[in-house]
Amino acid sequence: MKNETHKKWKYRDLKDMPPEQRTAQLWLTIDDVLKIIPISRTQFWKVVNEGSFSAPYLWNKGMLWTRSDVHDWIANAAQKIEEIESKPISNKQYKSFTIT
């Protein structure tokens, strides 16, 4: 991986996960993840580097995430959107949206 020196995360080790949990997981490749979360690969790696999305597990030179990693990120993103939408808009913000 070319950008490995620039990454801010470490691979998670599957050895840290109990064997019964490993077999119970639904594993996703980056292509699978990007089908669920429609963003570019570049944007996805930015989110991983920011720590908003879980670091991948390394498996046979490939990277994998669990389905729960994706669902947790979606739930967190939805919560942040709800928080933003629940804040009242100030008059100053309304003025910036006026149509002339």
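At 2% relative accessibility, Thr66 counts as buried (buried means under 20% relative accessible area, exposed over 50%, and partly exposed in between, with a 1.4 Å probe and protein chains only). The model is predicted, so local features need pLDDT of at least 70 and side-chain atom pairs count only at pLDDT 80 or more, while totals for chains, interfaces and linings use all residues. Residues are numbered from 1 along each chain as its sequence is written, and side-chain values use heavy atoms, with hydrogens and water left out.

Thr66 is part of strand 3. Here strands (E, at least two residues) and helices (H or I, at least four) are DSSP runs, numbered from the N terminus. Thr66 touches Gln25, Leu26, Trp27, Leu28 and Tyr57, leaving aside residues up to four places away in sequence; contact means heavy atoms within 4.5 Å. The side chain of Thr66 also makes a polar contact of 3.0 Å with the side chain of Ser68. A polar contact is a pair of N or O atoms within 3.5 Å; within protein, one must be able to donate a hydrogen and the other to accept it, and residues adjacent in sequence count only if both atoms are side-chain atoms.

Asp69 belongs to helix 4 and is buried, with a relative accessible area of 8%. Not counting residues up to four places away in sequence, Asp69 touches Arg12, Phe53, Ser54 and Tyr57.

Now take the chain as a whole. The chain has five helices and three strands, and along the sequence they follow the pattern α-β-α-α-β-β-α-α. Of its 100 residues, 23% count as buried. Among contacts between residues at least 6 apart in sequence, 55% join residues at least 24 apart. Tyr11 and Pro56 are 45 residues apart in sequence, but their C-alpha atoms are 5.5 Å apart in space. Tyr11 is partly exposed, with a relative accessible area of 24%.

How are the strands arranged? They form an open sheet of three strands in the order 1-3-2, with antiparallel pairing. Strand 1 and strand 2 are the edge strands, as each pairs on one side only. Two strands pair if DSSP finds at least two bridges between them. Strand 1 and strand 3 run antiparallel and are joined by two bridges. In strand 3, Thr66 is the bridge partner of Trp27.

Trp27 leads on to the aromatic residues. Rings of Phe, Tyr and Trp (its six-membered ring) pair if their centres lie within 6.5 Å; planes under 30 degrees apart count as stacked, over 60 as edge-to-face and the rest as tilted. By this rule there are seven aromatic pairs. One of them is formed by Trp27 and Tyr57, an edge-to-face pair with 5.3 Å from centre to centre and 90 degrees between the planes. Trp27 lies in strand 1 (residues 27-28) and Tyr57 in strand 2 (residues 57-59), so the pair ties together parts that are 30 residues apart in sequence. Trp27 is partly exposed, with a relative accessible area of 23%, whereas Tyr57 is buried, at 10%. In a further pair, the ring centres of Phe44 and Phe53 are 5.0 Å apart and the planes stand at 65 degrees, so this pair is edge-to-face. Both Phe44 and Phe53 are buried. Together with Trp45, Trp65 and Trp73, they form one aromatic cluster.

Phe44 and Trp45 are also among the buried residues of helix 3 (residues 41-50), which are Phe44, Trp45, Val47 and Val48. These residues cover an arc of only 155 degrees around the axis, which puts them on the same side of helix 3; the arc is that of the directions from the helix axis to the C-beta atoms. What covers this buried side? The cover over the buried residues of helix 3 includes helix 2 (30-36), strand 3 (62-66) and helix 4 (67-86). On the face turned away from the buried side, helix 3 carries the exposed residues Thr42 and Glu50. Just after helix 3, Gly51 takes a positive phi of about 90 degrees.
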